[in-house]
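I opened my notebook to record what I looked up in this structure. The entries follow in the order I made them.

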Amino acid sequence: MAGKAAAVSKALKKGISKKGTRIHTKVHFYKPKTQQLARKPKYERKSTPKKSGVDKYAVIKYPLTTESSMKLIEDSNTLVFIVDIKANKRQIKAAVRDLYNIECEKVNTLITPRGLKKSYVRLSKDYDALDVANRVGVI
């Protein structure tokens, strides 16, 4: 009996530990957040930086010099180019403006059965397609 009383008095002096017991008030268990360290790679994963977009020299491959394209140059003030398959109308318009110093009204594109992208560049009223074609070397 004295041993039991001594144990109780010792426990009261020391304090009772409730280690490992937790009252869960929620139904679901949420995984605790752990520390996330910043990455410190020993080497770059890519040896060279990614090449940016398509430049103006890569957009326009060459002007088309077929009979139908000559008719378009004379009749509807339009130049015909074979362009990069990934180039969009805005890129084509910008490339034509930069390379040939001309303003274009609109650009129409199509992909040929051979897998090439053809673009019809309609020039604005200020520029003559015949003069530009001579300067470029189409005619």
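**Entry 1: Ser119**

I looked up the contacts of Ser119, leaving out residues up to four places away in sequence: Ser119 touches Leu79, Val80, Phe81, Val83, Ile92, Val107, Asn108 and Thr109. Contact means heavy atoms within 4.5 Å. Ser119 is in strand E4. Helices (H or I, at least four residues) and strands (E, at least two) are DSSP runs, numbered from the N terminus. Is Ser119 buried or exposed? Ser119 counts as buried because its relative accessible area is 0%. The cut-offs are under 20% relative accessible area for buried and over 50% for exposed, with partly exposed in between (1.4 Å probe, protein chains only).

I noted the ground rules here. This is a predicted model, where local features need pLDDT of at least 70, side-chain atom pairs count only at pLDDT 80 or more, and totals for chains, interfaces and linings use all residues. Residues are numbered from 1 along each chain as its sequence is written, and side-chain values use heavy atoms, with hydrogens and water left out.

**Entry 2: the hairpin**

Next I followed E4 to its partner. Strand E3 (residues 104–111) and E4 run antiparallel, joined by 7 bridges. Two strands pair if DSSP finds at least two bridges between them. E3 and E4 form a hairpin, with 5 residues between them. Gly115 sits in the turn and has a positive phi of about 90°. Which residue of E4 stands opposite Cys104? I found Leu123 there.

**Entry 3: Ser124**

I moved on to Ser124. Ser124 is in the loop between strand E4 (117–123) and helix H5 (129–136). Ser124 counts as buried because its relative accessibility is 13%. Beyond residues up to four places away in sequence, Ser124 touches Asn77, Glu103, Cys104 and Glu105.

Phi of Asn77 is near 55°, a positive value in a residue other than glycine. Most residues other than glycine have a negative phi. Asn77 lies in the loop between H3 and E2. Asn77 counts as buried because its relative accessibility is 17%.

Asn101 also has a phi near 55°, again positive in a residue other than glycine. Asn101 is in the loop between H4 and E3. Is Asn101 buried or exposed? Asn101 is exposed because its relative accessible area is 56%.

**Entry 4: the nonpolar core**

How many residues does the largest nonpolar core have? I recorded 21. A nonpolar core is a set of buried Ala, Val, Leu, Ile, Met, Phe, Trp, Tyr and Cys residues joined through side-chain atoms within 4.5 Å. Those with the most contacts inside this core are Ile60, Leu79, Phe81, Ile92, Val96, Val121 and Leu123. Helix H3 (67–76), strand E2 (78–83), helix H4 (89–100), E3, E4 and H5 each supply at least two residues of this core. H4 gives the largest share, 4 residues. In soluble globular proteins, nonpolar side chains tend to be buried together.

I then listed contacts of Phe81, again not counting residues up to four places away in sequence. Among them are Ile60, Tyr62, Pro63, Leu64, Val96, Tyr100 and Val121.

**Entry 5: the cavity**

I found 1 cavity of 30 Å³ or more. On a 1 Å grid over the protein atoms alone, a cavity is a set of points where a 1.4 Å probe fits but cannot get out, and a pocket is an open set with protein on both sides within 12 Å along at least five of seven lines; lining residues have an atom within 4 Å of a point. Grid points are joined across faces, edges and corners, and a volume is the space filled by probe spheres set on the points. The largest cavity holds about 40 Å³ of space. Its lining is Pro63, Leu64, Ile73, Leu79, Val80, Phe81, Val136 and Val138. E2 gives the largest share of this lining, 3 residues.

**Entry 6: Val138**

Val138 is in the segment after H5. Val138 counts as buried because its relative accessibility is 12%. Its C-alpha atom is separated by 54 Å from that of Lys42, 96 residues apart along the chain.
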